[in-house]
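Here are some friendly notes to read with the model open beside you. Take the points in order, and look up each residue as it comes.

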Amino acid sequence: MSVFGVLNGLFLLSFLASAILQWNDPDPLQWIFIYSMAALCSYRAIKTVTPLLTLAVLFVCIVTAARLFSTIETEGVDYSAMMNSFSMASNSIEELREFGGLLLIAFWMTCLLVRHYFLSVSRTDSESSGA
């Protein structure tokens, strides 16, 4: 199995786990949807990338992250509590965690799109040189 395959599998499992864990969130449906769509993109990337779906998920993540970033209050936040506890210590910590999740999804969707681009370029090059 390739390095990409291992990484994709790890992201797929983490997105699925994140979607399941959102049931205890104050606004679960939005986050379940986002993590489920990211998991679907990772699953589809096992065989082929669906660029439109991946772009849509990336776009939703960027817009949601920008909206969330504008509302996060970071003054007086205990950043160690962000990783030391799974409980919702404060609204700011919850929003920082959500922001981090969106950044991870955006990062992986970008990786999937870059991989798709390079695979399609190499396929085009091999087809044109073989003709």
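Predicted model: local features only at pLDDT ≥ 70, side-chain atom pairs only at ≥ 80, totals over all residues.

1. Let's begin with a term: helices (H or I, at least four residues) and strands (E, at least two) are DSSP runs, numbered from the N terminus.

2. Residues are numbered from 1 along each chain as its sequence is written, and side-chain values use heavy atoms, with hydrogens and water left out.

3. Now the overall plan. The protein has five helices and zero strands, giving the pattern α-α-α-α-α along the sequence. Of its 131 residues, 35% are buried (buried means under 20% relative accessible area, exposed over 50%, partly exposed in between, with a 1.4 Å probe and protein chains only).

4. Leu-7 and Ser-42 are 35 residues apart along the chain, and their C-alpha atoms are separated by 9.7 Å.

5. Which residues form a nonpolar patch on the surface? They are Met-1, Val-3, Val-6, Leu-7 and Leu-10, with about 550 Å² of accessible area together. Patch members have over 30% relative accessible area and no salt bridge; like charges are joined within 9 Å, and nonpolar side chains (Val, Leu, Ile, Met, Phe, Trp, Tyr) within 5 Å. A salt bridge is a side-chain nitrogen of Lys or Arg within 4 Å of a carboxyl oxygen of Asp or Glu. Areas come from the Shrake-Rupley method with a 1.4 Å probe, and for residues only the protein chains shown count as cover.

6. Next, look at helix α3, where Ala-66 is found. Ala-66 is partly exposed, because its relative accessibility is 49%. Its C-alpha lies 9.9 Å from that of Leu-102, which is 36 residues away in sequence.

7. Finally, how is the lining of the second largest pocket made up by class? There are four nonpolar, four polar and six charged residues (Ala, Val, Leu, Ile, Met, Phe, Trp, Tyr, Cys and Pro count as nonpolar, Asp, Glu, Lys and Arg as charged, and the others, Gly among them, as polar).
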